[in-house]
Amino acid sequence: MRYVDEFRDQRLARGLAEAIAAEAHPGRVYRLMEFCGGHTHAIFRYGVQDLMPPNVRFVHGPGCPVCVLPMARIDHAIALATRHGVTLCSYGDLMRVPAGERRSLLKAKAEGADIRMIYSTQDALRIAREDPTRQVVLFAIGFETTTPPTAVAVKTARSEGLANFSVFCNHVLTPPALRIILSTAGPDGVRLDGILGPSHVSTVIGSRPYDFVAREFGRPVVIAGFEPLDVMQSALMLIRQINDGRAEVENQYTRAVTEEGNLKAQALMEEVFSLRETFEWRGLGFLPNSALRLADVYEDLDAELRFPVEVAPAREVRGCECPAILRGVKEPTDCKLFGTVCTPDNPMGSCMVSSEGACAAYWSYGRFRDARAAG
Amino acid sequence: MCLAIPAKIATIEPDGQTARVSLGGVTKEISLALVDEVAVGDYILVHVGYALNRLSEEEAQRTLALMSEAGVLDEELGVNPPIPGSAGGEA
């Protein structure tokens, strides 16, 4: 496939690996956080860590929307379907995420709730158009990449007068999460020397919103594509910045990301959403100004207002280390549940559900087994 | 979740709002609501049924060129350390 295969080329990978090995000073450790779950997935799938010298380490970040969604929000969504009898439309990624009391969207569906798996927000609109007698709720989640498609759906519903369509909004923003990771880094948190910045989030918001990382925290950022060679080249760019004592925002993913991003998508988001004062992130707690709700002019399409639901605070599965893993403080293999009771077939925590979660990546590509055998 | 896939625009509907792309041999209809000025033959990033951005062929070539330079430079300098985990592999 064009724009994919050439960024997985083995010969180029070897050259980049050699350059990294030559330029990383053996005397220092480079701890590079890949923010996105997409990067984590690529690093494990293609064995990028194995191509790095031992002193260049990837630390896995919280950039997996499914992983950071608090269990209570899934309970809330299930309650919309079971108590209010709505048709709940969800992206497939969310279907198996454990909710409170060992429930999930998939189990609720098996028990009779009308929960549909959709590929696009256009599918949710179509379902609403087909049966005007049913209330249809879009379970909207995701970072800035997935937010503009929700905005388009909201605007379409308004212009078509689709009275039976509404949105349960859980969209979150990447810069506040990056800020909390960096401001808690230190003795209790994780030590980071550089950040591989989001790729497709940045196609929308551009590279400018990360300036604060360099300016306030003195850490270099390289916006990195999701293919293995992108990750390797970005690691090399970070190592060069660290060696030079520079802290700048650089863009490796220039074929898709510009400084200003997608202005049309940003304008849509600006119009349709407002900032929430605070929102809970699994593993990171309540973060101010880190999430979106529908703007006041669209509040008639807000499922939280249309269908009031009281949800009890959810309790994490005992022993599940997802919260610490999401902050980069622990690794999946530090969790007692990992690979014993918690596997992708029977996930206890969200990091084992999404293929972008660190636990699922560790498990699926089996690299922890090699490490155990060698160690 | 944030995964987006490169795809080539095969056709654009007369209203300019929808396009057909080929994804791994499967033709899919996607929305153009988030992009301006795309044409048949352009490569775009597709995310949950929407075109997010147009890909720049020029920039892609530049990135690939930088990648190959990184390797060549080391060979020229005669620096050729073994790659961890690839003991015995040819350099």
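This is a predicted model: local features need pLDDT of at least 70, side-chain atom pairs count only at pLDDT 80 or more; totals for chains, interfaces and linings use all residues.
**Around S354(A)**

- S354(A) sits in the loop that links α14 (322–326) and α15 (358–365) of chain A.
- For a sense of distance, L196(A) is 158 residues from S354(A) in sequence, and their C-alpha atoms are 20 Å apart in space.

**Where chain A meets chain B**

- Chain A brings 52 residues to the contact and chain B brings 40 residues.
- On the side of chain A that touches chain B, at least two residues come from each of α1 (10–23), α2 (37–45), α3 (65–68), α6 (121–130), α7 (147–160), α9 (200–205), α11 (228–244) and α12 (263–272).
- Sorted by class, the side of chain A that touches chain B holds 28 nonpolar, 15 polar and 9 charged residues.

**The two domains of chain A**

- Chain A is assigned domain 1 (1–312) and domain 2 (322–368).
- Between the C-alpha centres of these two domains of chain A there are 18 Å.
- Their contact draws 26 residues from domain 1 of chain A and 21 residues from domain 2 of chain A.
- On the domain 1 side of this contact, α2, β2 (56–63) and α3 of chain A each supply at least two residues.
- Of these, α2(A) gives the most to the side of domain 1 that touches domain 2, with 6 residues.
- By class, that side of domain 1 of chain A has 14 nonpolar, 8 polar and 4 charged residues.

**A parallel sheet in chain A**

- An open sheet of 4 strands in chain A has the order β4-β3-β5-β6, with parallel pairing.
- At the edges are β4 (115–118) and β6 (165–171) of chain A, each of which pairs on one side only.
- From one strand to the next, the twist averages 25°.
- Within the sheet, β3 (residues 87–91) and β5 (residues 136–142) of chain A run parallel and are joined by 4 bridges.
- In this pair of strands, S90(A) stands opposite F139(A) of β5(A).

**Two helices of chain A**

- α7(A) lies across β5 and β6 of chain A and runs at about 160° to β6(A).
- The length of α7(A) checks out: its 14 residues, at 1.5 Å a residue, should span 20 Å, and the end C-alpha atoms are 20 Å apart.
- The buried residues of α7(A) are T147(A), P148(A), P149(A), T150(A), A151(A), V152(A), A153(A), V154(A) and A157(A).
- Just past α7(A), G161(A) has a positive phi of about 65°.
- α11(A) is largely enclosed by the rest of the structure, because 14 of its 17 residues are buried.
- The 17 residues of α11(A) should span 24 Å at 1.5 Å a residue, which agrees with the 25 Å between its end C-alpha atoms.
- G245(A) follows α11(A) and has a positive phi, near 70°.

**A histidine in α4(A)**

- H76(A) belongs to helix α4 (residues 71–82) of chain A.
- With 21 other C-beta atoms within 10 Å, H76(A) is buried.
- Although H76(A) and E310(A) are 234 residues apart along the chain, their C-alpha atoms are separated by 7.8 Å.
- H76(A) touches V309(A) and V311(A), not counting residues up to four places away in sequence.

**A hairpin in chain B**

- In chain B, β2 (residues 18–23) and β3 (residues 26–31) pair in the antiparallel sense over 6 bridges.
- K28(B) in β3(B) is the bridge partner of V21(B).
- The hairpin of β2(B) and β3(B) has 2 residues between the strands, and G24(B) takes a positive phi near 55° there.

Note on methods
Residues are numbered from 1 along each chain as its sequence is written. Chains are lettered from A and ligands numbered from 1 in the order in which they are written. Two residues are in contact if their C-beta atoms, placed from the backbone, lie within 7 Å. Ala, Val, Leu, Ile, Met, Phe, Trp, Tyr, Cys and Pro count as nonpolar, Asp, Glu, Lys and Arg as charged, and the others, Gly among them, as polar. Two strands pair if DSSP finds at least two bridges between them. Axes are lines fitted to C-alpha atoms, for helices over the stretch in contact, and angles run from 0 to 180 degrees between N-to-C directions. The expected span of a helix is 1.5 Å times one less than its number of residues. A residue is buried if 20 or more other C-beta atoms lie within 10 Å of its own, exposed if 12 or fewer, and partly exposed in between; C-beta atoms are placed from the backbone. Domain bounds come from an automatic or database domain assignment.
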